[in-house]
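Keep the structure in view while reading.

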Amino acid sequence: MSTFCSVIKFENLQELKRLFHWGPIIALGVIAICSTMAMIDSVLWYWPLHTTGGSVNFIMLINWTVMILYNYFNAMFVGPGFVPLGWKPENSQDSMYLQYCKVCQAYKAPRSHHCRKCNRCVMKMDHHCPWINNCCGYQNHASFTLFLLLAPLGCIHAAFIFVMTMYTQLYNRLSFGWNTVKIDMSAARRDPLPIIPFGLAAFAATLFALGLALGTTIAVGMLFFIQMKIILRNKTSIESWIEEKAKDRIQYYQLDEVFVFPYDMGSRWKNFKQVFTWSGVPEGDGLEWPIREGCHQYSLTIEQLKQKADKRVRSVRYKVIEDYSGACCPLNKGIKTFFTSPCTEEPRIKLQRGEFILATRGLRYWLYGDKILDDSFTEGVSRIRGWFPRNCVEKCPCDAETDQGPEDEKKTR
C-alpha cells in the first residue's frame, strides 16, 4: 500500500494533463481503433477463439497493445529528465565551459538544452515530441524508441487480420487469369455462421482501420530507423547539427583541427548500451557522460560556445531556390522529405524563390531557422521562424555575409 501511495502523488497526477493535447489524443485514438478492430475482426469473422490458432492470435494482439501502451506511457510520464533548477558543476572552474540558462537559473549540463515547450533544461535533449506531449531525452529515450518499434509491428499484425477478414468474408473463391488457377477458400468459412454478419458497416470500419495501420507502419517505422541511426552513433538530432556546424566552422576558417564527437564510444554496440540496458535505466546520471579517449568532458559544450561567439556559424545563411507552400508534409518535395517531416509543433515557413534564410539547426532533409522580412541581415530585424525543406534552399557563398575573405577575417579574429 505504501508503494502504491508513493507512486500516486500530486506531482504524478498533475502529469495527467499531458493527455489533454492533440498529439496523445490522436496517438491513443489510432492505437484504440487498430487494436479494437483487430480483436473484433479476429474473434467474430476470421479466427474464432475456440481454435488453438485463434486463441494464440488473440493473446498476441493483446500483448502488442499492452507493450505499446506501456512504452508509450513510460515515454510520456517518466519524461526525459530535467537539469535541477539552480544546478552548477561541482568544480566552479568548470562553469566557464558551460552556458547559463536564465530561465532555469542554472548552468546547462553537457548535452542538455532548454525546451521552450517544457520550459526546462532537458538532459540529453533530442527533440520535443507532440505525440507524447513531452521531450525525448535521457530517461525516456529507450521507451520512446521501443514504442516506435512495437507500434509498426503491432500494426503489421493488425493489417494482416484486416486483409484476411475482408478476403474471407467477401469471397469464397478467388480466381486468377482465365479461371485456370483457383484458391479454394471454403475452409475459411465459419461453421456455424458468425453471430453478427459482416455487413457494410463492418467492412467500412475494417477498411478504415487498415488505412490507419498501414499509415502508422510507414510513418512510425521511418521514425524508428531515424532514432536507431542516431542511437548507434550515440548522438541526438541537436548534436548532429552542432557537429555539422563545427565542420563548417573549421572549413571556413581553414583551421588545422579536426572535430571529434566526444560521446561516440567507437562501437555501435557500446553506443547502443548507453541507451538500452537490462534494468531499463540508462547509464549515467544525465549530467556527466563517458567520453571517448582523447576528448574532454566539455568538448561539445566548448564547441557550442565557439559557435555562439561566431555570428557566421551560429546561423548559416541560405538562399531560397524553390518555392515552398509551408505544408507540413509536402508531396512535391520528394519521398524522403515527405516521410521525414519533423514531428514537432513548431511551424513551417512559406518560402518564395530569392528569399534568404538564416538556419540555426536542422535534420538531414529539413532545416530550422529564421526568414528575414527585409533586406538587411542585422540583429533585431523582424523574422519568421520555423522549419523548411533542405532541398528548397542552397547555402550562400562563405563570403556573402562579410566583405572579408576567410584569411582576412581569420586575421581580425
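Start with a cysteine. C135 has its closest cysteine sulfur in C115, and the two sulfurs lie 3.3 Å apart, too far for a bond. The model is a predicted one. C135 is buried, with a relative accessible area of 0%.

A disulfide needs the two sulfurs within 2.5 Å. By this rule the count is 0 disulfides.

Next, the helix pairs. Two packed helices are described by the angle between their axes and the distance between those axes. The table sets out two pairs.

| Helix pair | Axis distance | Angle |
|---|---|---|
| Helix 3 (residues 22–46) and helix 6 (residues 200–231) | within 9 Å | roughly 130° |
| Helix 7 (residues 237–252) and helix 9 (residues 299–309) | 10 Å | about 60° |

Take helix 3 and helix 6, whose axes cross at roughly 130°. That angle makes helix 3 oblique to helix 6. The crossing of helix 3 and helix 6 is left-handed. Helix 3 contributes V30, I33, C34, M37, D41 and W45 to the contact, while helix 6 brings A202, A205, T206, F208, A209, L212, A213 and T216. By class, the residues of this contact of helix 3 with helix 6 are 11 nonpolar, 2 polar and 1 charged.

Now helix 7 and helix 9, which pack at an angle of about 60°. Helix 7 and helix 9 are therefore oblique to each other. Their crossing is left-handed. From helix 7, the residues E239, I242, K245, A246 and R249 meet L300, E303, Q304, K306 and Q307 of helix 9. The contact of helix 7 with helix 9 divides into 3 nonpolar, 2 polar and 5 charged residues.

Last, a loop residue. H21 sits in the loop between helix 2 (10–14) and helix 3. Is H21 buried or exposed? H21 counts as buried, at 14% relative accessibility. Which residues does H21 touch, leaving aside those up to four places away in sequence? H21 touches P130, N133 and E345. W131 is 110 residues from H21 along the chain, yet their C-alpha atoms are separated by 8.7 Å.

Conventions: Residues are numbered from 1 along each chain as its sequence is written. This is a predicted model: local features need pLDDT of at least 70, side-chain atom pairs count only at pLDDT 80 or more; totals for chains, interfaces and linings use all residues. Side-chain values use heavy atoms; hydrogens and water are left out. Axes are lines fitted to C-alpha atoms, for helices over the stretch in contact, and angles run from 0 to 180 degrees between N-to-C directions. Helices (H or I, at least four residues) and strands (E, at least two) are DSSP runs, numbered from the N terminus. Angles under 35 degrees count as roughly parallel, over 145 as roughly antiparallel, 65 to 115 as roughly perpendicular and the rest as oblique. A crossing is left-handed if the near helix is turned anticlockwise from the far one by less than a right angle, and right-handed if clockwise. Contact means heavy atoms within 4.5 Å. Ala, Val, Leu, Ile, Met, Phe, Trp, Tyr, Cys and Pro count as nonpolar, Asp, Glu, Lys and Arg as charged, and the others, Gly among them, as polar. Buried means under 20% relative accessible area, exposed over 50%, partly exposed in between (1.4 Å probe, protein chains only).
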